[in-house]
Amino acid sequence: MFLARRLVTRCFSSRPLHVCIVGSGPAGFYTADKLLKAHEGARIDIIDRLPTPFGLVRSGVAPDHPETKIAINQFSRVAQHKRCSFYGNVKLGSDLTLSELRDLYHVVVLAYGAESDKDLGIPGESLGGIYSAREFVWWYNGHPDYSSLKPDLKSSDTAVILGQGNVALDVARILLRPTTALASTDIARHALSALEESSIRKVYLVGRRGPVQAALTAKELREVLGIKNLHIRIKETDLSVTPADEEEMKNSRARKRIYELLSKAAAAAVGTSKGDCGQRELHFVFFRQPERFLESDESKGHVYGVNLEKTILERVGSGKQIAVGTGEFEDINCSMVLKAIGYKSVPIEGLAFDHKKGIVPNVRGRVVSDTGGISQTEPGLYLCGWLKRGPVGIIATNLYCAEETVGSISQDIEEGVAGKSEKEGRKGLVQLLENKKVKKVDFSGWEKIDAKEKQMGIERNKPREKLVTWEDLLAAAAADN
């Protein structure tokens with residue numbers, strides 16, 4: 001039996017296995033890499049709605065974290081593999097339908113991540129001056145959808161960030177770090193100019209629970225705490241711990257380390273001046289949840305502050321505590337609010353979607369559909385990344401996620417569930433895009449964008465100066481060498 005399965009795999013590996021991966025971020029590229037290694041016959045096409053590959057490595061990683069972007073080198077090698085192609089500026093849902101892709105390919109892997117945001121669902125959320133952290137991050141990273149965003153950095157000296165995860169720390173750091181330290185990064189020029197003129201000097205990081213439960217990592221925390229001339233403010237009462245907190249720290253070295261770093265920062269801040277005009281301050285505000293946003297009297301339709309409810313922690317089950325409102329309220333006045341409460345994947349027409357979890361229902365990466373109350377897997381249709389597991393984890397998390405999905409694909413091929421019929425693959429895709437007059441950007445087009453950005457960067461002593469509009473990106477990709 002084992003020998004028979006090996007023979008099936010070897011036999012199939014010599015036949016073309018046409019695979020389309022939707023999304024060119026880490027999840028997509030790790031999936032492609034593992035499929036190329038697992039199946040000698042794999043012919044892989046990666047499509048993305050943007051003209052540029054690499055997803056959140058390009059548009060999500062902070063500009064002052066160049067070491068995190070090294071993954072691009074590995075992804076580029078995958079894209080340049082003789083059995084792999086990249087086609088940007090191709091949007092699933094408008095340029096192509098999912099059913100068209102499934103007709104062309106033995107395997108379709110949806111790995112397009114999360115391009116929307118969770119809502120708080122509280123009064124005033126639509127006021128001007130309130131943005132998601134994703135929008136702000138895409139703005140300073142030069143994403144073409146948000147290069148024209150105009151965040152209000154001048155109306156007051158205070159910004160509030162709702163959330164205390166790594167994304168919240170990223171945006172706080174960008175707001176408070178001296179712009180001289182950002183000028184030599186690949187931050188978008190429009191963002192650097194706006195930050196140079198920013199009036200923001202105080203940033204409040206607001207979390208529902210306490211310092212023991214803060215959902216950040218020690219590395220990120222140490223970095224923001226180490227910013228020169230940045231004053232850290234934490235209320236001493238917020239650092240009090242309960243027996244339940246002690247238990248959480250006992251069970252998690254990471255949580256204990258976070259608490260120790262915050263306590264040390266608070267102790268170091270005792271006695272430092274609080275009234276220096278223009279000094280930069282980062283306030284960690286624990287045990288508060290947003291109740292509503294306050295509208296400015298002077299500037300109608302614009303946020304003026306956040307009304308926060310004080311919370312306490314209640315124990316639910318083993319080792320978990322949740323925040324519960326106390327009915328006591330307070331305000332923080334500000335001119336800008338960033339909601340760092342989580343990304344959300346966008347549903348795709350024709351597929352079931354779990355709105356609560358923000359995922360397409362699946363079993364080990366196999367898409368599950370519900371027909372007449374009966375759940376069944378969709379042959380040849382798979383998931384990887386945030387669409388599969390929700391918007392959690394770091395770049396490397398996608399490595400293990402891809403491994404599981406590719407394992408499911410391989411098993412389905414061996415068992416004859418996927419890969420049996422003849423498919424056109426790349427030839428059919430290229431013809432379909434030509435018929436629909438879609439101006440696809442292949443990897444050589446991206447290389448032209450890349451070269452132009454790097455050349456512009458040299459002129460400004462930066463790694464690159466990003467092209468930030470669709471028009472400029474497409475023009476660079478189409479330019480003659």
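In the predicted model, helix H6 holds Ala133, Arg134, Glu135, Phe136, Val137, Trp138, Trp139 and Tyr140, and these residues are buried. The helix spans residues 133-140 and is mostly covered, with eight of its eight residues buried. After H6 comes Gly142. The phi of Gly142 is positive, near 75 degrees.

A search of the whole structure returns one cavity of 30 Å³ or more. The volume of the largest cavity is about 80 Å³. By class, five lining residues are nonpolar, six are polar and one is charged.

An open sheet of six strands shows parallel pairing. The strand order is S6-S14-S7-S8-S10-S9. Strand S6 (130-132) and strand S9 (230-234) form the edges, and each pairs on one side only. From one strand to the next, the twist averages 20 degrees. Strands of a sheet pair through backbone hydrogen bonds, either parallel or antiparallel.

Within this sheet, strand S7 (residues 158-162) and strand S14 (residues 336-339) run parallel and are joined by four bridges. Val160 has Val337 in S14 as its bridge partner. Strand S9 is mostly covered, and four of its five residues are buried. Helix H12 (residues 253-269) lies across S9 and strand S10 (280-285). H12 runs at about 110 degrees to S9.

Asn229 is placed in the loop between helix H10 (218-225) and S9. Most residues other than glycine have a negative phi. Asn229 is not a glycine, yet its phi is positive, at about 60 degrees. Its relative accessibility is 61%, so Asn229 counts as exposed; the cut-off for that class is over 50%.

A second open sheet has three strands in the order S11-S12-S13, with antiparallel pairing. Strand S11 (288-295) and strand S13 (321-333) stand at the edges. Each has a single partner strand, so one side of each is left without a neighbour in the sheet. Neighbouring strands of this sheet are turned by 20 degrees against each other on average, direction ignored. Seven bridges link S11 with strand S12 (residues 303-315), and the two run antiparallel. Arg292 stands opposite Asn307 in S12. In a regular strand the side chains alternate between the two faces of the sheet.

The second largest pocket has a volume of about 450 Å³. Its lining comprises 22 residues. Lys69, Ile72, Asp450, Lys454 and Arg464 lie nearest the pocket centre. Helix H3 (56-59), helix H4 (71-79) and helix H16 (443-459) are the elements that give two or more residues to this lining. H16 gives the most, with five residues. By class, the lining of this pocket has nine nonpolar, five polar and eight charged residues.

Asn461 lies in the loop between H16 and helix H17 (470-478). Like Asn229, this residue is not a glycine but has a positive phi of about 60 degrees. Its relative accessibility is 65%, so Asn461 counts as exposed.

Technical notes
Residues are numbered from 1 along each chain as its sequence is written. This is a predicted model: local features need pLDDT of at least 70, side-chain atom pairs count only at pLDDT 80 or more; totals for chains, interfaces and linings use all residues. Side-chain values use heavy atoms; hydrogens and water are left out. Two strands pair if DSSP finds at least two bridges between them. Axes are lines fitted to C-alpha atoms, for helices over the stretch in contact, and angles run from 0 to 180 degrees between N-to-C directions. Contact means heavy atoms within 4.5 Å. On a 1 Å grid over the protein atoms alone, a cavity is a set of points where a 1.4 Å probe fits but cannot get out, and a pocket is an open set with protein on both sides within 12 Å along at least five of seven lines; lining residues have an atom within 4 Å of a point. Grid points are joined across faces, edges and corners, and a volume is the space filled by probe spheres set on the points. Ala, Val, Leu, Ile, Met, Phe, Trp, Tyr, Cys and Pro count as nonpolar, Asp, Glu, Lys and Arg as charged, and the others, Gly among them, as polar. Buried means under 20% relative accessible area, exposed over 50%, partly exposed in between (1.4 Å probe, protein chains only).
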